[in-house]
Amino acid sequence: MSDEEDDIVLSELSNEELVQQMHDDLYDGLKDEILEGVNILLERGWAPYKVLTEALVEGMRIVGIDFRDGILFVPEVLLAANAMKAGMGILKPLLAETGAPKQGKMVIGTVKGDIHDIGKNLVSMMMEGAGFEVVDLGINNPAENYLEALEKEDADILGMSALLTTTMPYMKVVIDELKAKGVRDNYVVLVGGAPLNEEFGKAIGADAYCRDAAVAVETAKEYMSQRMHNQ
Amino acid sequence: MTDRLTRLLETRDWLLLDGATGTNLFAMGLEAGNAPELWNFDFPDRIRALHQGFIDSGSDVILTNSFGGTSYRLKLHDAQGRVHEINKRAAEIAREVADAADREIIVAGSIGPTGELLVPVGPLTHADAVAAFEEQGRALIEGGADVLWAETISSQEEMAAIAEAAANIGATLCATLSFDSAGRTMMGVTSSAYAAMQDTFAAKPLAFGANCGTGASDLLRTVLGLTEAAPDAIVIAKANAGIPKYVDGAIEYDGTPETMAEYATLARDSGARLIGGCCGTRNPHLKAMRAALENHTPGERPSLETIRNALGDFSSQDDGTGDAPTPTRERRSRRRRG
């Protein structure tokens with residue numbers, strides 16, 4: 001096949017084909033193509049929320065599955081997330097204007113003493129890719145940072161990350177603080193990080209331990225849909 | 001002149017490395033969030049005690065207390081301007097303890113990751129990374145380290161930068177990756193790919209291998225992958241002492257001295273010559289490993305089944321090497337780039 005035949009002109013594709021192509025382009029981390037695709041769909045009259053969910057979120061969901069299954073690794077996911085972010089850059093102001101439905105809001109950060117943030121950043125990007133609003137507190141957060149942000153942002157989900165076995169126990173300090181203030185049940189608490197496991201998540205009173213960024217997104221979605229039903 | 005480690009390896013089949021720096025320092029009162037490297041000045045006696053404990057337990061190689069000693073790590077403690085003095089001091093303390101021992105002890109200058117993502121997936125350029133590692137490496141050698149020892153690295157780009165720094169300094173390098181994601185590193189590097197990579201580095205490591213990661217079983221599977229791909233290489237195995245468990249508000253590793261002893265002999269049979277422990281490994285573990293290695297009659301390469309039965313199951317079905325088909329996703333015709 002020559003390059004000529006191989007090349008795809010996005011604007012000539014039908015909506016359905018274009019969306020599929022965008023899933024592939026996200027998978028391959030092709031930022032310029034994602035920007036172009038988003039603009040074409042908007043020009044064709046798609047609502048920003050439809051572009052977000054059907055093209056970007058669905059594309060990132062596929063990336064998430066292959067990350068979870070050990071087919072893609074951090075570099076590929078970062079490239080995909082960067083492409084997604086570029087597309088989000090166009091959609092974000094439009095979404096705000098059109099009052100699109102929200103998935104939920106997460107406050108996330110690494111705990112006090114822990115300065116390792118690659119995993120946390122990945123979760124943050126994948127959550128945004130799934131349509132969540134993310135408030136990233138960065139690294140080395142004492143309990144009061146989380147509590148303040150949760151209240152101020154009216155968040156639904158608290159995400160805590162630790163890479164070190166020495167900083168893991170601090171997650172319990174934060175959860176205990178939430179309990180002491182009587183607000184523990186207002187939030188879904190998700191924890192993650194290389195040395196953690198399910199047993200640990202249970203022991204400290206988190207709602208769930210998430211093995212990786214993809215699992216974090218799935219878990220957050222499950223909890224949010226449960227919440228909707230309960231309200 | 002060849003370095004001391006090379007010379008010692010000419011007379012010995014295997015060497016015992018040391019145990020966990022972090023785990024042991026926390027037991028001495030280091031608090032989460034504080035930089036262990038600052039203890040080279042604040043509590044040098046405790047660092048001496050750490051090294052002495054390893055030597056007394058049988059370690060032939062000790063790592064300096066400088067894992068987080070690049071400017072990128074130290075800046076999180078506002079100590080980025082102290083790279084030289086901190087690393088030099090780390091090496092001096094280890095040298096002093098090593099030289100006082102009644103047998104030859106190798107001082108390896110520990111270098112850990114910057115914690116930054118390198119180009120192409122992140123912002124840190126190769127040149128900046130090389131400069132950071134060079135600054136750290138020079139200070140370690142100046143303080144008396146025999147070799148440089150990179151640990152817990154996950155990306156090819158970062159290891160290439162460390163190797164270039166070692167080449168610029170003219171120092172011997174030992175280099176291990178952490179294979180913690182389904183048998184690969186976080187960045188997707190497999191054991192066989194890492195073995196193949198060695199010739200591409202500016203300074204070819206004297207020894208390479210795996211440290212930390214998931215558990216002893218996974219680490220041995222990685223060692224088997226490395227020794228299969230590079231049968232003549234000097235391979236390093238430095239596994240965690242089991243899996244971290246949450247007990248009474250603190251984290252404890254569940255690996256016993258007995259299981260670490262078993263791991264050590266299996267590592268030897270898998271072809272590793274430099275064998276030690278990472279997180280959770282304390283002096284009783286090292287003593288048991290030393291005794292086991294001294295009494296060990298070399299055996300056949302263990303099968304995965306043998307490893308699983310001895311040390312527990314693997315964290316993933318395969319590790320991306322060998323005949324196992326690499327799963328891929330069917331997609332539409334791939335777009336032409338550019």
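In chain B of this predicted model, helix α6(B) and helix α7(B) touch through a handful of residues: V83(B), H84(B), N87(B), K88(B), A90(B) and A91(B) from α6(B) meet E135(B), Q136(B), A139(B), L140(B) and E142(B) from α7(B). Sorted by class, this contact has 5 nonpolar, 3 polar and 3 charged residues.

- Two packed helices are described by the angle between their axes and the distance between the axes.
- Here, α6 (residues 83–99) and α7 (residues 126–142) of chain B pack at an angle of about 40 degrees, and their axes are 7 Å apart.
- The crossing of α6(B) past α7(B) is right-handed.

**Strands and a helix in chain A**
- Strand β1 (residues 105–110) and strand β2 (residues 133–136) of chain A run parallel, joined by 4 bridges.

**Where chains A and B meet**
- The contact between the chains takes 38 residues from chain A and 30 residues from chain B.
- On the chain A side, α1 (3–6), α2 (15–27), α5 (74–98) and α9 (198–204) each supply at least two residues.
- Which helix gives the largest share of the chain A side? That's α2(A), with 5 residues.
- By class, the chain A side divides into 19 nonpolar, 9 polar and 10 charged residues.

Terms used: Residues are numbered from 1 along each chain as its sequence is written. Chains are lettered from A and ligands numbered from 1 in the order in which they are written. This is a predicted model: local features need pLDDT of at least 70, side-chain atom pairs count only at pLDDT 80 or more; totals for chains, interfaces and linings use all residues. Two residues are in contact if their C-beta atoms, placed from the backbone, lie within 7 Å. Ala, Val, Leu, Ile, Met, Phe, Trp, Tyr, Cys and Pro count as nonpolar, Asp, Glu, Lys and Arg as charged, and the others, Gly among them, as polar. Two strands pair if DSSP finds at least two bridges between them. Axes are lines fitted to C-alpha atoms, for helices over the stretch in contact, and angles run from 0 to 180 degrees between N-to-C directions. A crossing is left-handed if the near helix is turned anticlockwise from the far one by less than a right angle, and right-handed if clockwise.
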